[in-house]
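This briefing sets out selected local features of a single structure, grouped by topic. Please read the points below alongside the sequence and the coordinates.

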Amino acid sequence: MNTIMRKSVLGIAGLAVAGGLAAGPLNHTTTAPVEAGTPITAVAVQADKPAVDKAKLVPHGVQGEQSRIDLSDEQVANTKAIIAATKKAGMDERAAVVAIATALQESKLENLGHLGERNDHDSQGLFQQRPSSGWGTVEQITDPEYSTMAFLKGLKQVDGWQDMPLTVAAQTVQVSAYPDHYAQWERQAADLVAEHWNS
């Protein structure tokens, strides 16, 4: 009796496995074949996140020594806010690189309030914009979307900014006492845009 029962259980299990295999393809969508050794997650990421054309990010090559900092969650959130505002403004990845490099130089991507005696006049926010120079109110220039849109509005008014080295384009908008300092952040800004533009 044990033998008959065992054969019946194995027979039912075999039918269930065969049925599952037969029904399997009907219950899922077809995907492109994956080469052996390719992690499934990499395929999914590529499908959801098309690569950014890196030639568009740094069309003139970087100038001088490059700087790089590790970013906190807040700084990454500000990076993403700059990218979102750039898209909202209808501008491309290169504009985001210019904006992020500028914010890296001005504030290290931190949304700075008034720094007391260390403050440069009344400069505040990601781009260190000044209410007294017409950039907006303190509340506006410390809003990442507003401050980015204000920066990009200035960038749009620079004839041929797309064909300029980053530091020249940024300086034309910012009018900094240290115009060459923007160049050092171009590689990190490009890397951040490549990472987050399609995320």
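The expected span of a helix is 1.5 Å times one less than its number of residues. The structure discussed here is a predicted model. Against that expectation, helix H7, with 13 residues, reaches 18 Å from its first C-alpha to its last, close to the 18 Å expected.

- The buried residues of H7 are Pro144, Ser147, Thr148, Ala150, Phe151, Leu152, Gly154 and Leu155.
- The cover over these buried residues of H7 includes helix H4 (73-88), H5, H6 and helix H8 (166-174).

**The aromatic pair**

- A pair of aromatic rings is described by the distance of the centres and the angle of the planes.
- The count of aromatic pairs comes to one.
- This pair is formed by Phe127 and Phe151, with 5.0 Å from centre to centre and 15° between the planes. The pair counts as stacked because planes under 30 degrees apart are classed in that way.
- The pair links distant parts of the chain, since its members are 24 residues apart: Phe127 belongs to the loop between helix H5 (93-107) and helix H6 (138-141), and Phe151 to helix H7 (residues 144-156).
- Phe127 has a relative accessible area of 0% and is therefore buried. Phe151 likewise counts as buried, at 0% relative accessibility.

**Helix H4**

- H4 has 16 residues, which should span 22 Å at 1.5 Å a residue; the end C-alpha atoms of H4 are 22 Å apart, in agreement with that value.
- Gln75, Asn78, Thr79, Ile82, Ile83, Ala85 and Thr86 are the buried residues of H4. They cover an arc of only 165° around the axis, so they lie on the same side of H4.
- Asp73 and Lys88 are exposed on the other side of H4.
- H5, H7 and H9 are among the elements that cover the buried residues of H4.
- Gly90, which follows H4, has a positive phi, near 75°.

**Helix H9**

- The buried residues in H9 are Glu186, Gln188, Ala189, Ala190, Leu192, Val193 and His196.
- Their cover includes helix H3 (54-57), H4, H5 and H8.

**A charge over a ring**

- Which residue lies over the face of Trp197? Lys87 does, at 4.9 Å from the ring centre.

**Gln128 in the loop between H5 and H6**

- Gln128 is found in the loop between H5 and H6.
- With 15% relative accessibility, Gln128 counts as buried because the cut-off is under 20%.
- A polar atom of the side chain of Gln128 lies 3.1 Å from the backbone oxygen of Gly125.
- When residues up to four places away in sequence are not counted, Gln128 touches Glu106, Leu112 and Ser123.
- Leu112 and Gln128 are 16 residues apart in sequence, and their C-alpha atoms are 7.7 Å apart in space.

**Thr167 in helix H8**

- Thr167 lies in helix H8 and counts as buried, at 7% relative accessibility.
- A polar atom of the side chain of Thr167 lies 2.5 Å from the backbone oxygen of Pro179.
- Apart from neighbours within four places in sequence, Thr167 is in contact with Gln63, Pro179, Asp180, His181, Tyr182 and Ala183.

- Most residues other than glycine have a negative phi.
- Leu109 is not a glycine, yet has a positive phi of about 65°. Leu109 is found in the loop between H5 and H6 and counts as buried, at 0% relative accessibility.
- Val175 is not a glycine either, and its phi is positive, at about 50°. Val175 is found in the loop between H8 and helix H9 (186-196).
- Is Val175 buried or exposed? Val175 is exposed, with a relative accessible area of 63%.

Note on methods:
Residues are numbered from 1 along each chain as its sequence is written. This is a predicted model: local features need pLDDT of at least 70, side-chain atom pairs count only at pLDDT 80 or more; totals for chains, interfaces and linings use all residues. Side-chain values use heavy atoms; hydrogens and water are left out. Rings of Phe, Tyr and Trp (its six-membered ring) pair if their centres lie within 6.5 Å; planes under 30 degrees apart count as stacked, over 60 as edge-to-face and the rest as tilted. Helices (H or I, at least four residues) and strands (E, at least two) are DSSP runs, numbered from the N terminus. Buried means under 20% relative accessible area, exposed over 50%, partly exposed in between (1.4 Å probe, protein chains only). A charge sits over a ring if NZ of Lys or CZ of Arg is within 6 Å of the ring centre and within 35 degrees of the ring normal. Contact means heavy atoms within 4.5 Å. A polar contact is a pair of N or O atoms within 3.5 Å; within protein, one must be able to donate a hydrogen and the other to accept it, and residues adjacent in sequence count only if both atoms are side-chain atoms. The arc is that of the directions from the helix axis to the C-beta atoms.
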